[in-house]
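Here is a colleague's note for someone meeting this structure for the first time. Please read the numbered points with the model open beside them.

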Amino acid sequence: MGSRREPEYDVEIGASVTASELTFHEVPDVESRHRASPRSEGTAGSDRSGVPRPVEPGKVYEDVRVDYRLASRVRPEED
């Protein structure tokens, strides 16, 4: 029989957003954080199409897609 692996993360959240047009009135200040007690490890990131980094205020972006993922795991305290 095949062996079953434990999941790499305890929690994973994913979201996708699409838009035919998108305009930013100002450059957003975006930050992702993950916290847990006693300790945690994690990752966050996005794949974007139609939207550069950084965006330009007032510019109209077309055919936009953003896929975002946040994942975290709790690590027990060591004795």
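**Notes on the predicted model**

1. Arg73 has its place in strand β3, and, as with everything in this note, that placement comes from a predicted model rather than from an experiment. Is Arg73 buried or exposed? Its relative accessibility is 14%, and because the limit for a buried residue is under 20%, Arg73 counts as buried.

2. Leaving aside residues up to four places away in sequence, Arg73 touches Glu8, Tyr9, Asp10, Arg39, Ser40 and Glu41. With one of these residues, Glu8, there is also a polar contact, in which the side chain of Arg73 reaches the backbone oxygen of Glu8 at 2.8 Å.

3. Strand β3 also holds Asp63, which has a positive phi of about 50° although it is not a glycine. Most residues other than glycine have a negative phi. At 61% relative accessibility Asp63 counts as exposed, whereas Arg73, at 14%, counts as buried.

4. Which strands pair with β3? On one side of the answer is β1, which pairs with β3 in the antiparallel sense over twelve bridges, and within this pairing Ala15 stands opposite Tyr68 in β3. On the other is β2, which runs antiparallel to β3 and is joined to it by eleven bridges, with Gly45 standing opposite Arg69 in β3.

5. The loop between β2 and β3 is the place of Pro54, and the peptide bond that leads from Arg53 to Pro54 is cis, with omega near -10°. Most peptide bonds are trans.

6. The largest pocket has a volume of about 490 Å³.

7. Which strand gives the most to the lining of the largest pocket? It is β1, with five residues, while β1 (11-23), β2 (39-49) and β3 (60-75) each supply at least two residues of that lining. Sorted by class, the lining consists of 15 nonpolar, four polar and two charged residues.

Conventions
Residues numbered from 1 in each chain as written. Predicted model: local features only at pLDDT ≥ 70, side-chain atom pairs only at ≥ 80, totals over all residues. Heavy atoms only, no water. 1 Å grid on protein atoms, 1.4 Å probe; cavity = no way out; pocket = protein on both sides within 12 Å on 5 of 7 lines; lining within 4 Å. Points joined across faces, edges and corners; volume = space filled by probe spheres on them. Helix = DSSP H or I, 4+ residues; strand = E, 2+ residues; numbered from the N terminus. Nonpolar A, V, L, I, M, F, W, Y, C, P; charged D, E, K, R; others polar. Pairing = 2+ DSSP bridges. Buried < 20%, exposed > 50% of the residue type's maximum accessible area, 1.4 Å probe, protein only. Polar contact = N/O pair within 3.5 Å; in protein donor to acceptor, adjacent residues only side chain to side chain. Contact = heavy atoms within 4.5 Å.
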